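This briefing concerns the structure displayed below. Please keep the model in view while reading the points that follow.

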Amino acid sequence: MDLLQFAIRKLISGIPLVLGVTFISFVLMVYFGPDKTYELLGKNPTAQQIEEVRHQLGYDRPFLSRYSDYLRELSTLDFGHSDSTGERVIGLLGRTIPVSLALTTPGFVLGNLLGVLLALIAAYHRGGWIDKFIMGGAVVGMSVSFLIAIVGFQLIFSSSYGLNMFPVRGWDVYSLTDYLRYITVPTMATVFVALGYNTRFYRAVIVEEMTRDHVRTARAFGTRPWKLLYKNILKNSLIPIITRIMFSIPLVIISGSLLIESYFGIPGVGKVTYDAITTGDQPVLKAVVGLTAVLFVLTLLLTDILYKMVDPRVSLK
Amino acid sequence: MTSTLKILGALALICIAMAGCGDGGGSRDPAASNQKVYRHSMDQAPVSVDPTQAATVYSNFVVLNVYDTLYAYKYLARPYELTTNLATGFPKISDDGLSYVISLKPGVHFIDDPSFPDGIGREVVASDFVYSLKRHFDATTLSQAAWVWQGRIVGLDEWKEAGSDYDSEISGLRALDAHTIQITLSKPYPQLVHTLTMGFSALVPREAVEHYGREFSIHPVGSGPFKMERFDTARATLIRNPRFRAESVDLAALGFDPALHAGLGLEAIEGRTPPFVDRVDVNFVTEDAARWNSFSKGSEIQFAKIPTEQFDTVLSSKTPPTLKKELENRYNMVDFVEPGVIFNTFNMDFDEFGYHPDPAQAERNTALRCAVIKAFDWEQRSERFYNGIAKIYPGIIPPAVPEMDSGMSRDSVTRDVEGAKQLLADHGWNADNLPELVYGVAASVKQRQLFEQFRGFLTEIGYPSEKIVLEQFATFGDISKAWKQSKLPFVSKGWNLDYPDAENVLQLFYGPNGSPGSNDANFADPEYDRLYEQSAVMQEGPERTAIYRRMNEILVDSCVAIMGLSRTNLLMWHENVIGYPDRNIVGGFWLRYVDLREE
């Protein structure tokens, strides 16, 4: 019952956040974003045709009327049709978000799991050569741009100039084997870059935990290293780890990965979002921004519940 | 509890993985069904395949494969030649050139689709053409093609003004019977048949438009050689239309030239009925590196426009472009001069460069423009940005059209720094009084480089570097807005020909087409406008060509623009592909003739 009350309270307190995010983003879209009119015009337009397009796009309506429409659309999850493709926005997102999720989830999960694992090893051997080796690798991962990593991994693993083991591009997934073929190289590139950031962050968290009295006591009692790392350190470090992971999820779900999708020819939501931003496709942008804000509110709620699960001292009140 | 969580977590991962599976169209794996698959690539993706939106090369390419147009261009003939497609023959044109009667082939059917009763595609009839053209004059469709027929067909503009009621008739656009169309023009329009090859003019069924509403843009229902199975940001999958009309190939009629087309294997399609492949995957690959990696892999895309950075990898010589020996057995290549023009115009609305009420100042402005043109180095531009294989020519008429005058003086495309300096000095221009020149670009690294090169050219004639200012726009839509609102004094752009007739580029300087129309230069020359109006109603012939060439000379003499250049693209395809590709004019029409050699 406490949990339900907490959830309701939390969701209600998230409404101002959603309103704020949607209002600011809508101001940016309307007054500072690209004018879609001129993308849609023919080669030799007349002033009348320009007005017609503006009318069809709703640009001639008052701002507040358009914003109230936006809120209604968000509450009903009906954002109308894309100004570019004409496809229903909710159908467009429903088609592309699962692809992006399938594409980014393995890299996201592996990047975090391996990050925690390497951070534990590095922290345990703090100051030693193992720590320096892992942290050196992390710096390399952080230093290489994502674009270079993608091009490099594609060249090495997919092209005829390299090992030629995986497809360069495509998304013809009919079985789990196909799925693994298509995601392996993108996942390797994602993990390569994400691992550096994750390992450094998690190491810092774990190192702090290792200096606590209870860890020193456990060591004094002769607790075995892996048990010490898992039960005494990792479990007590979970709050910041959960925070980092949870707040990455909305971006993973909605934004996808533009570069990965473009280079590997994967029809996910990243390219859709990028195109919407650069061409001023407001129905798609409104959906992406609004849904991301709602997801953040839900993530906040879920994060608090997870805090309670991993640390009984945390009160939902 | 922990094990339950672990199981749930694993299940969630598998669900996420499988949720993204499938290809969006619910098709089966083509490899498993032994289909003949051709994998094409394009360097951009279309956003819509509604014929009303077929304004880009990419969109038009797909539209021409899923829909039918009345006319087409001969697959192999260069210069381009018109041929029939859905029409039985060329139009019967009245003596005054105002009435066109066109007959449709009987027995042509739309693809089966849920929008038809019982899901069975009905016959394509003349009223479909009437309906399809009307759509361009319905404001709710946001058509990009109204300009093609605006003010030309009797009653069409009035139909729009009256509210675009599809059930009301238009006197100038009628279906005389199921297979006969009559178009009545308000004045002769010699390019009309050319416009009926464009994807814009494709025939769509009203039932499908009404069934799918705005999503008709992604659910094409046509009578073309293919039907669309999948369409997203990465790929369009087209599968053979089993009901496509059976018309066997006559290579000679398509413009086959044994000397020009030898070794391409085209003889193998003679007498056969297209389309020859079961499926075409049109991959949209914007990144050059990924396109090249996929093309050179051997098992993925089979056709690609070669990125400029790979020219040295594939060519043994640039003039003429020749494949390296070791690649000759693996690939075919054609150097394709784009039917379009890259040019820069002054906006004559700006009195510091263009028209000026004071005749003396107007003359000084002309001298300034001419000096800038003399300073521009087309050879360098081609060398740095187009691998030195672009075609450079005086005036706006490109080599892709027969009206191009190869005998025209090349002074306007020959750099003359001293001449430019002298011209400025003779007319009292110096570093202090030269006006600020704002150069607008849609933000990108390449555009920035083009600007820097341009600034470099001008500084060599004494134009102060700080007076040549870059204005960047975030998107193409934004810079297009600035052009249409006449807010930039200098416009740098390219124009792809819509049809192979010089009128298509000469209208770029026709006075009444000024902003927001296509005349971004806002050039208004009485003699030019008179000649344009005179030639606009003339059929092709030496007299019209002479007028076109005179208009071209007026543009050069007025120093209104720095022109022109046509890019040369290298198109490569795998040796096992039988075809002769074209990007623009023939465009998507060639895909039906593509075949694959048996391995």
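The model is predicted. Chain A contains 14 helices and zero strands, while chain B is divided into domain 1 (3-279 + 576-596) and domain 2 (340-566). The two chains touch through 55 residues of chain A and 53 residues of chain B.

**Chain A overall**

- The C-alpha trace of chain A spans about 85 × 60 × 35 Å along its principal axes.
- Of the 317 residues in chain A, 40% are buried.
- Among the contacts in chain A with a separation of 6 or more, 69% are between residues 24 or more positions apart.

**Helix 6 of chain A**

- Helix 6 of chain A covers residues 129-143, 15 residues in total, and its span of 21 Å from first to last C-alpha is close to the 21 Å expected at 1.5 Å a residue.
- A:Ile134, A:Ala138 and A:Gly141 are the buried residues of this helix. They lie on the same side of helix 6 of chain A because they cover an arc of only 60 degrees around the axis.
- An α-helix has 3.6 residues a turn, so residues three or four places apart point the same way.
- The buried residues of helix 6 pack against helix 5 (89-124) and helix 8 (176-210) of chain A.
- The other side of helix 6 of chain A carries the exposed residues A:Trp129, A:Gly136, A:Val140 and A:Ser143.

**Contact between chains A and B**

- The contact takes 53 residues from chain B and 55 residues from chain A. On the side of chain B that touches chain A, two or more residues come from each of helix 1 (2-19), helix 4 (146-149), helix 9 (288-297) and helix 16 (476-484) of chain B.
- By class, that side of chain B has 20 nonpolar, 20 polar and 13 charged residues.

**Domains of chain B**

- The centres of domain 1 and domain 2 of chain B, taken over C-alpha atoms, are separated by 35 Å.
- Each domain of chain B gives 13 residues to the contact between them. The domain 1 side of this contact comprises seven nonpolar, five polar and one charged residues.

**Nonpolar cores**

- The largest nonpolar core has 226 residues, and those with the most contacts inside it are B:Ala371, B:Ile396, B:Leu506, B:Phe509, B:Val560 and B:Val594. Both domain 1 and domain 2 of chain B supply at least three residues to this core.
- Beyond its neighbours within four places in sequence, B:Ile396 is in contact with residues including B:Val341, B:Phe343, B:Leu506 and B:Met563.
- A second, separate core of five residues includes A:Tyr38, A:Leu40, A:Val53 and B:Leu142.

**Backbone features of chain B**

- B:Leu142 has a positive phi, near 55 degrees, in a residue other than glycine. B:Leu142 lies in the loop between helix 3 and helix 4 of chain B, and it counts as buried because 25 C-beta neighbours lie inside 10 Å.
- B:Asp118 also has a positive phi, near 65 degrees, and is placed in the loop between strand 5 (99-103) and helix 3 (126-135) of chain B. With 6 other C-beta atoms within 10 Å, B:Asp118 is exposed.
- A cis peptide bond, with omega about 0 degrees, joins B:Arg78 and B:Pro79. B:Pro79 is in the loop between strand 2 (71-73) and strand 3 (82-84) of chain B.
- The bond from B:Thr319 to B:Pro320 is likewise cis, with omega near -5 degrees, and B:Pro320 lies in the loop between strand 12 (315-318) and strand 13 (321-323) of chain B.

Notes
Residues are numbered from 1 along each chain as its sequence is written. Chains are lettered from A and ligands numbered from 1 in the order in which they are written. This is a predicted model: local features need pLDDT of at least 70, side-chain atom pairs count only at pLDDT 80 or more; totals for chains, interfaces and linings use all residues. Two residues are in contact if their C-beta atoms, placed from the backbone, lie within 7 Å. Helices (H or I, at least four residues) and strands (E, at least two) are DSSP runs, numbered from the N terminus. Ala, Val, Leu, Ile, Met, Phe, Trp, Tyr, Cys and Pro count as nonpolar, Asp, Glu, Lys and Arg as charged, and the others, Gly among them, as polar. A nonpolar core is a set of buried Ala, Val, Leu, Ile, Met, Phe, Trp, Tyr and Cys residues joined through C-beta atoms within 7 Å. A residue is buried if 20 or more other C-beta atoms lie within 10 Å of its own, exposed if 12 or fewer, and partly exposed in between; C-beta atoms are placed from the backbone. Domain bounds come from an automatic or database domain assignment. The expected span of a helix is 1.5 Å times one less than its number of residues. The arc is that of the directions from the helix axis to the C-beta atoms.
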